[in-house]
Each structure stands twice: as C-alpha cells, then as structure tokens.
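Please look over the sequence and the model below before reading on.

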Amino acid sequence: MSVRVTGRPEMPEGYGVVDTGPLLPWDTVEERLVEAVNYWLSTARPDGRPHVVPRWGVWIDEKFFYDGSPTTRHARNLEVNPHCALHLEDGTAVTIVEGVSTVPSPIVGELGVRLSDEFKRKYAALGYAPEPTSWSDESAGGLHVLAPTSAIAWSVFPKDLTRFEFD
C-alpha cells in the first residue's frame, strides 16, 4: 500500500484553510498511529445510526489491527457495512483515518509475531499480551484489520491541515 499526500481537504469558507504553508509529513502522522494506546472506531449500525467505541490496536504495514469478540456491536455493524473511521484521542494533534475493516484470514508466522510483539509493547502493562498464535485459526481472537482509504491530520489547525490518500 502506498500513501500519497494530496494537499488540503476541502473545508468550508471561514475555517482559515489556505493552500500555502507546510503540509504535515506522513511520518509524523504514522508515528501517532503507531504510538497511540487508545483509538476511537466509528461504524454505522444497520439502520444508519452511528456507533463509536474505544479500541486497543496496533498500526503495522499501514493498516490498523484490532481484536475483539465478533458479537460486539461494532463487529456486527462492520459485517453489514465495512466502512468506518478511526480517530485518535488527541483533539489538538488530530489524526482521522477512514477505511474498510475486514476479518483477515488466519494469521501465522512473521506477521503473527509482529502483531504479538506490538500488542505486548503497548498493552502488557494493562493486562493484554496475546501470543503470536492468537489469530492463527478462524475461531481465535476476533481480529479485524482496517485498510485505510484516506486520512486527514493536523498539529496546528488550519496551518498544517493535510489530506492523505492510500492506494
């Protein structure tokens, strides 16, 4: 997957967004996604009403991996409509990712090790330390992966407001 900086997102007049000035580098945004502990996932219920839930997860290979029971409201929402949005907790240094969340095939080998290591790095002190085999069969882990389609981020609004597209 490749990431392209596409400039500024469209904003209503009066927000102070101009096409001059520095754009936020993707490396800065990706570091936020890697280091965040808490993420907010927004999905749509089958009747169209919104649903937002806090999630723990890891950002690896430009994708967001998170797990949880397939019977949760957000997982059931995603079965009907896989489009979702992810937002970090920070309301000043903002990062919003839109994409499609799916249940991957069972994960084994090197990716399982990387996921386990990263989950442990971030959450072991909070009581969550999955093993590399936690997602190795269809019934284990309830893993989802959000593949981004676009993102917007800023550190100083609207000065470095930047839009990113994913191929």
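## Briefing on the predicted model

V3 is found in strand β1, which covers residues 3–7, where strands (E, at least two residues) and helices (H or I, at least four residues) are DSSP runs numbered from the N terminus. This is a predicted model, in which local features need pLDDT of at least 70, side-chain atom pairs count only at pLDDT 80 or more, and totals for chains, interfaces and linings use all residues. Residues are numbered from 1 along each chain as its sequence is written, and side-chain values use heavy atoms, with hydrogens and water left out.

**The chain as a whole**

- The protein chain contains 3 helices and 9 strands, and along the sequence these follow the pattern β-α-β-β-β-β-α-β-β-α-β-β.
- The radius of gyration of the protein chain is 17 Å, close to the 15 Å that the globule rule gives for 167 residues, so the chain is as compact as a globular protein of that length; the radius is taken over C-alpha atoms, and the rule is 2.2 Å times the number of residues to the power 0.38.
- Taken along the principal axes, the C-alpha atoms of the protein chain fill a box of roughly 50 × 35 × 30 Å.
- Of the 167 residues in the protein chain, 38% are buried, where buried means under 20% relative accessible area, exposed means over 50%, and partly exposed lies in between (1.4 Å probe, protein chains only).
- Among contacts in the protein chain between residues at least 6 apart in sequence, 65% join residues at least 24 apart, and a contact means heavy atoms within 4.5 Å.
- The accessible surface of the protein chain comes to about 8700 Å², and 54% of that surface belongs to carbon and sulfur atoms; such areas come from the Shrake-Rupley method with a 1.4 Å probe, and for residues only the protein chains shown count as cover.

- V3 counts as partly exposed because its relative accessibility is 23%, and, not counting residues up to four places away in sequence, V3 touches W26, E62, F164, E165 and F166.
- V3 and P22 are 19 residues apart in sequence, and their C-alpha atoms are 17 Å apart in space.
- H51 has its place in strand β3, residues 50–55, and is buried, with a relative accessible area of 14%.
- Leaving aside neighbours within four places in sequence, H51 is in contact with L41, S42, T43, R45, R73, H74 and N77.

**Helix α3**

- Helix α3 has 15 residues (109–123) and, at 1.5 Å a residue, should span 21 Å, which agrees with the 21 Å between its end C-alpha atoms; the expected span is 1.5 Å times one less than the number of residues.
- In α3, the buried residues are G112, L115, S116, E118, F119, K122 and Y123, and the buried residues of this helix pack against α1 (26–35), β2 (39–44), β4 (58–60) and β5 (63–66).
- As background, an α-helix has 3.6 residues a turn, so residues three or four places apart point the same way.

**Residues in loops**

- D61 lies in the loop between β4 and β5, has a positive phi of about 55 degrees although it is not a glycine, and counts as partly exposed at 48% relative accessibility.
- E62 has its place in the loop between β4 and β5, and its phi is near 60 degrees, a positive value in a residue other than glycine, while a relative accessibility of 15% makes E62 count as buried.
- V103 is found in the loop between β7 (94–102) and α3, where it counts as exposed at 59% relative accessibility, and it touches L143 and H144, not counting residues up to four places away in sequence.
- S134 lies in the loop between α3 and β8 and counts as partly exposed at 23% relative accessibility; the C-alpha atoms of S134 and G112, 22 residues apart along the chain, are separated by 7.8 Å.
- P158 lies in the loop between β8 (144–154) and β9 (162–166), and a cis peptide bond, with omega about -5 degrees, joins F157 and P158.
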